Amino acid sequence: MDYGLSKKVDETVPVVRWIASLSNGETIYENVIKDEIPAWERLSKYVEDHDISITNLRLQIAGTEVKLPAGQQGYIQKKVAWTVGGTINGLRLCIGYVQNGLALIYEVDENRGSRTQRTVDPGEPWTIYHADIRRANANSI
Amino acid sequence: MATVLSFLNPSNPAQQILPAASGGLNTIGFYGPGFGLSVKVGEYNETTYRTTEDGQTNGGALPNLGYANVSGAFVGPSIIAEELLEVENTEATLRVRLVTDASVGTQNTRFRSFDKNDINSAPSGVTVQAAEIIKPDPVRGSGDQFWLAIQGSGSVLSLTDQLTPAVQHDWFIGLSSLPVSIGEKTNFAFYFETEFL
């Protein structure tokens with residue numbers, strides 16, 4: 001099955017991107033394929049199908065990098081589009097991780113370059129959990 | 001194409017409320033019986049227009065919703081209230097459209113009014129009522145049954161998750177505004193945010 005994932009920087013990989021390291025030694029770069037589901041969803045399917053985990057997650061933006069601690073229970077990635085009035089006024093890029101029942105999210109505003117971090121309930125449907133946790137959850141159902 | 005988030009006329013998506021900083025037709029104006037006419041203190045708007053920040057330029061009418069009671073609205077010029085659940089998408093005050101390159105789902109979508117300075121601060125001198133409208137067809141709607149008075153971060157309208165992947169998502173929002181004191185109210189604006197992958 002072709003997951004459409006980029007294992008190196010190619011024409012589908014944007015300048016602002018997340019980069020995931022996987023337990024099988026691969027590195028996956030966020031890519032954008034028109035009309036295709038987001039790379040994070042494709043990555044989620046890929047790690048599930050191959051019973052592997054994300055071991056590290058980074059966000060590269062405007063020459064800087066946000067790097068999360070390795071070996072967490074789960075990793076989160078999302079974007080927040082916001083506007084005052086009309087047309088896009090900003091995009092916040094968010095990466096985070098789940099550990100001990102809490103998720104720590106780092107948000108970077110694409111235009112302002114400002115960074116914030118906050119702790120939230122880990123009930124994020126888009127979290128990709130470690131394979132051990134996925135297996136444990138599957139067995140408990 | 002990058003991610004684009006727009007405020008549009010629900011019944012005419014080609015008519016856009018411009019970005020806040022543009023200085024053009026960037027404002028939703030609430031009026032009395034017609035453009036430029038004041039809303040009486042303690043009463044809700046009777047008309048709604050796209051206008052400039054000073055409210056002096058008529059940029060075209062937007063669908064008008066007037067607060068009637070906790071679960072009802074006057075649609076357009078009607079003097080008979082309808083249930084919010086019977087209001088159609090194209091009768092809402094505002095359409096917010098997200099367009100993305102990838103086909104995404106959305107969650108944690110929120111809409112708030114604020115004082116133009118700090119998105120956490122409520123606007124002063126006005127009460128703003130808001131409700132999500134979801135009624136694309138003749139079937140009874142599935143949006144909000146009740147109005148919510150939105151005030152900065154203290155009271156925020158949560159909009160329905162749209163988790164089915166798509167390159168375009170639309171939300172329809174009904175708005176109605178009441179001045180609580182005499183004088184033009186220009187220090188309020190609307191903020192919208194949504195999460196996607």
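This is a predicted model: local features need pLDDT of at least 70, side-chain atom pairs count only at pLDDT 80 or more; totals for chains, interfaces and linings use all residues.
Trainee: Thanks! And what do E3 and E4 of chain A belong to?

Mentor: They sit in an open sheet of four strands, ordered E2-E1-E3-E4 in chain A, with antiparallel pairing.

Trainee: Why is one side of E2 and of E4 left without a neighbour in the sheet?

Mentor: Strand E2 (27–29) and strand E4 (64–67) of chain A stand at the edges with a single partner strand each, so one side of each has no neighbour there. From one strand to the next, the twist averages 20°, using lines fitted to C-alpha atoms (for helices over the stretch in contact) and angles from 0 to 180 degrees between N-to-C directions.

Trainee: Zooming out, how many helices and strands does chain A have?

Mentor: Two helices and nine strands. Both are DSSP runs numbered from the N terminus: helices are H or I with at least four residues, strands E with at least two. Along the sequence the pattern reads β-β-α-β-β-β-β-β-β-β-α.

Trainee: What about burial: what share of chain A is buried?

Mentor: Buried residues account for 29% of the 141. A residue is buried if 20 or more other C-beta atoms, placed from the backbone, lie within 10 Å of its own, exposed if 12 or fewer, and partly exposed in between.

Trainee: New topic! How many residues of chain A are in contact with chain B?

Mentor: 25 residues of chain A are in contact with 27 of chain B; contact is C-beta atoms, placed from the backbone, within 7 Å. Helix H1 (39–49) and strand E5 (74–84) are the elements of chain A giving two or more residues to that side. E5(A) supplies the largest share, eight residues.

Trainee: Which strand of chain B is joined to E5(A)?

Mentor: Strand E14 (residues 189–196) of chain B, through six bridges, running antiparallel. There, A:Ala81 stands opposite B:Thr194 in E14(B).

Conventions
Residues are numbered from 1 along each chain as its sequence is written. Chains are lettered from A and ligands numbered from 1 in the order in which they are written. Two residues are in contact if their C-beta atoms, placed from the backbone, lie within 7 Å. Two strands pair if DSSP finds at least two bridges between them.
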